[in-house]
Amino acid sequence: MPANKKSIFIGDDGKSLAFTFVLVCSLFLLWGVCNGMIDVMDKHFQEELSLSKSQSAWVQFAHYLGYFLMSIPAGWLATKLGYKGGIITGLLIVAAGGLWFIPATEINAMVHSGRVSPATAFVGFLAGVCLIATGLTFLETIANPYTTVLGAKEYAATRINLAQSCNGFGWIFGPILGSMYFYGTDAQGHSTGSQTLYIPYAGIAVVVMVLAAVFYFARIPDIKTKDDYHLDDSTPGTSHSIWSHPHFVMAVAAQFFYVAAQAGIFSFFINYMTSELPPIPGSFQSAVTTVSTHAGLLQGWLSGWFETAASGAVSLSNKGASNLASLGFVCFLAGRFSGAAILKKFSAHKVLGIYGTMDVIATFLVFCKLGWLSVAAVFLSYFFMSIMFPTIFALGIYGLGVRAKRASSYIVMAIMGGAILPKLMGYVADKYDMSRGFIVPAACFIIVAFYGFNWPRLAKAESLRGEVAPTLHG
């Protein structure tokens, strides 16, 4: 039966999978919040522990190390436990990581008394970051491919982008939570971030445990997918290895470099906005203050956004830049929603190639230090990054059937790029300046665009909706 608009959430048995899809989308919202908080944590540790940009990137290293270490075990357990068991396991690990921030904060409090070194306190927080990431690995390894089978195959890329839009919502609220608890101050203006950093993580732990209970009692069907490449049959000349398929191998590489670019831009957003913005007119700060004073709801939120240097120049504060990061994620979310609609009409690989090219241009404009044009280009880069992760994922597992779970674990493992390349970006920024550091993500986006434009040749298919060429069937 030809696919129609309703079939986007209708399974092969004719039953609706819409509720299951909505439930899985909650997982995307969860790790969006967690990732959003991670992305505004760097500047906190730079100031609290006197770290360089390159040193503070250990936060990203610990986060993505969790993905790297657990992606293969998560893929194996997903096969053994099924979608439901794997999701519950991941949620419980995230809860444990969130609760770990309570003793980590207590350890950090010992720094002022000299009983614990700043390095030890930093490692304590990094352990919590890594533990949460291991739980998120289970969720991403399972939830991403699961969305592609919750309905008609033709709309796999659309579904995963819709689900990832919930991830975008989480990324909007993550920096706001981070600004409240990482960059808060007391009545004397002293930072309270080191004492309150655990609060949002403890809250997440409680929510996650409730969500695990919901999944335990919910109906989560373990759907089998079509083996387009005949990996499970005994046809002579047919390879049973997922690594024999170039479209999957290059997806792993493309995801590595995409996440590297994304992690670098997200984690150094505050550094860029507090150090590279052109001078802000004092009249603009006065106008914002006036508006917020007359709008009671805005007054508390906008207070502390700006600071004035000894020279009289007005600039964004850490809190202001952290909240402004949410605007970047609004652009990211807008790209997700519009991208999901575009992907229903145009081939996924072409959209990926075009968006990759646009991000090469945007990050190069930032590198060129063109004033407010470069600032606008930072937000533009968020928009065009939006569809990359889910689209690379959908293109990479295309036609792999039951081995899609194992393939997804390797694509998730490629997230390790987010641990390595931000340190290089931080090194370039330490040596030159933050704008010059954007040459690193620019190079990464070239590889993403290359994968998008060359996917049909690698997969031997016209598009994600196209059929596999007969020559692949042996």
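Two rings of Phe, Tyr or Trp count as a pair here if their centres lie within 6.5 Å. In this predicted model, that rule gives 26 aromatic pairs. To describe a pair of aromatic rings, you give the distance of the centres and the angle of the planes.

Let's start with F248 and Y410. Their ring centres are 6.4 Å apart, so they make the cut-off of 6.5 Å. Their planes meet at 75°, and since anything over 60 degrees counts as edge-to-face, that's the label this pair gets. Now look at where the two partners come from: F248 belongs to helix α9 (residues 246-267), while Y410 belongs to helix α17 (residues 404-413).

Next, hop over to F364 and F367. Here the centres are 5.9 Å apart and the planes sit at 25°, so this pair is stacked. Both residues are in helix α14 (residues 348-367), and because they are three residues apart, about one helical turn separates them. F364 has a relative accessible area of 42%, so it counts as partly exposed, and F367 is partly exposed as well, at 22%.

F367 has another neighbour to look at: the charged end of R436 sits over its ring, 4.9 Å from the centre.

Follow the chain past α14 and you come to K369, in the loop between α14 and α15 (372-385). Most residues other than glycine have a negative phi. K369 is not a glycine, yet its phi is positive, at about 55°. This lysine is partly exposed, with 41% relative accessibility.

Finally, the cysteines. A disulfide is a covalent bond between the sulfur atoms of two cysteines. How many disulfides does the model have? The count is zero. Take C166 as an example: the closest cysteine sulfur is in C25, 4.1 Å away, and because the cut-off is 2.5 Å, that's too far for a bond. C166 is partly exposed, at 21% relative accessible area, whereas C130 counts as buried, at 17%.

Terms used: Residues numbered from 1 in each chain as written. Predicted model: local features only at pLDDT ≥ 70, side-chain atom pairs only at ≥ 80, totals over all residues. Heavy atoms only, no water. Phe/Tyr/Trp six-rings, centres within 6.5 Å; stacked < 30°, edge-to-face > 60°. Helix = DSSP H or I, 4+ residues; strand = E, 2+ residues; numbered from the N terminus. Buried < 20%, exposed > 50% of the residue type's maximum accessible area, 1.4 Å probe, protein only. Lys NZ or Arg CZ within 6 Å of the ring centre and 35° of its normal.
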